Amino acid sequence: MSGTPDFFYREAQRLGYVARSAFKIQKQYKIITPGSSVLDLGCAPGAWLQVACQNLGPLGKGGVVVGIDVKKVKVPSMHCDERVTTVCADVMNLPREQVRALSPQQKGFSVVLSDMCPLVSGITTRDAALSAELGMRAIDLAVGKAAHDRTVNNAFEEVQSDGSGSSLGIDGVLQPGGHLIIKLLESEDVKEFSQICKPIFRKASWLRPKATRSCSREIYLICQGFQYRVRE
């Protein structure tokens, strides 16, 4: 990287984080709180694993961090404890039921992070299309049918509860009230992500972190407060 390292880069290096993006997003949005259950899609090299674990609070607060990646990822020794685990699997072919089974009591996650990124070919349109495909898969895993049943005038989708703590009709792995972060490569395709997420989250906004280099095309969709209401 040319030029003078920015503040977040220096801080991430000083504190021993393997990357800066997760560090600066959590610092700004406070997405992960003590006791959170966190799913990290595309967890290599492990930055979100570190940041998530550090924000779970003391061990007594509980919480878990589960990372999934197509390559085997060793949990970073710094900033991680026994609450962090990783799974080697292809997210594109992993059934939601298997992902949900990784969550505490199989009740889903309070935070879903997608840091997935395609192997960049240098062909802008191709890379953007692959990035969008990964992003859509993250939405599908997180919110399931809510992404398809959304209505512009009603952000709440009524579903029935089976009385066991799970909700019939909520087939995604993100809990009601939960948060979703998706990393994408900027393109015209990203508009569709806003159209899907804004009706079903309390707040959905785009972030190009200030520390991102001007040549970078990475952009983040920060979705807060999954608005899926359960009818008893």
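Seven of the eight residues in helix H3 (residues 47-54) are buried, so this helix is largely enclosed by the rest of the structure. Buried here means under 20% relative accessible area, with exposed being over 50% and partly exposed in between (1.4 Å probe, protein chains only). Keep in mind that this is a predicted model, where local features need pLDDT of at least 70, side-chain atom pairs count only at pLDDT 80 or more, and totals for chains, interfaces and linings use all residues. Residues are numbered from 1 along each chain as its sequence is written, and side-chain values use heavy atoms, with hydrogens and water left out.

**The chain overall**

- The protein chain has seven helices and ten strands; helices (H or I, at least four residues) and strands (E, at least two) are DSSP runs, numbered from the N terminus.
- Of the 232 residues in the protein chain, 50% are buried.
- Take the contacts (heavy atoms within 4.5 Å) between residues at least 6 apart in sequence: 69% of them join residues at least 24 apart.

**Helix H3 and what covers it**

- The buried residues of H3 are Ala-47, Trp-48, Leu-49, Gln-50, Val-51, Ala-52 and Cys-53.
- Their cover includes helix H2 (21-29) along with strands E1 (37-41), E2 (64-69), E3 (84-88), E4 (109-114) and E7 (174-185).
- In the loop between E1 and H3 sits Pro-45, and a cis peptide bond with omega of about 5 degrees joins Ala-44 to Pro-45.

**Helix H5**

- H5 has 20 residues, which should span 28 Å at 1.5 Å a residue, and its end C-alpha atoms are 28 Å apart, so the two agree; the expected span is 1.5 Å times one less than the number of residues.
- Buried residues in H5 include Asp-127, Ala-128, Ser-131, Leu-134, Arg-137, Ile-139 and Leu-141.
- An α-helix has 3.6 residues a turn, so residues three or four places apart point the same way.
- Arg-137 is part of H5 (residues 124-143) and counts as buried because its relative accessibility is 14%.
- Leaving aside residues up to four places away in sequence, Arg-137 touches Val-91, Met-92, Leu-94 and Pro-95.

**Val-99 in helix H4**

- Val-99 belongs to helix H4 (residues 96-100), and with a relative accessible area of 1% it is buried.
- Not counting residues up to four places away in sequence, Val-99 touches Leu-39, Leu-94, Phe-109, Leu-141 and Val-173.
- Val-99 and Ala-142 are 43 residues apart along the chain, and their C-alpha atoms are separated by 9.7 Å.

**The aromatic pair**

- There is one aromatic pair in the count; rings of Phe, Tyr and Trp (its six-membered ring) pair if their centres lie within 6.5 Å, with planes under 30 degrees apart called stacked, over 60 edge-to-face and the rest tilted.
- The partners are Phe-201 and Phe-226, in a tilted arrangement at 5.4 Å centre to centre with 40 degrees between the planes.
- Phe-201 lies in strand E8 (residues 201-207) and Phe-226 in strand E9 (residues 218-226), so the pair ties together parts 25 residues apart in sequence.
- Phe-201 and Phe-226 are both buried.

**Cysteines**

- Searching the whole structure turns up zero disulfides, a disulfide being a pair of cysteine sulfur atoms within 2.5 Å.
- For Cys-43, the closest cysteine sulfur is in Cys-88 at 9.1 Å, too far for a bond.
- Cys-80 is in no disulfide either, and its nearest cysteine sulfur, that of Cys-53, is 5.2 Å away.
- Cys-43 is buried at 2% relative accessibility, and Cys-80 is buried with a relative accessible area of 16%.

**Positive phi outside glycine**

- Lys-30 is not a glycine, yet its phi is positive at about 55 degrees.
- Lys-30 sits in the loop between H2 and E1 and counts as exposed at 51% relative accessibility.
- His-79, another residue other than glycine, has a positive phi near 75 degrees; its place is in the loop between E2 and E3.
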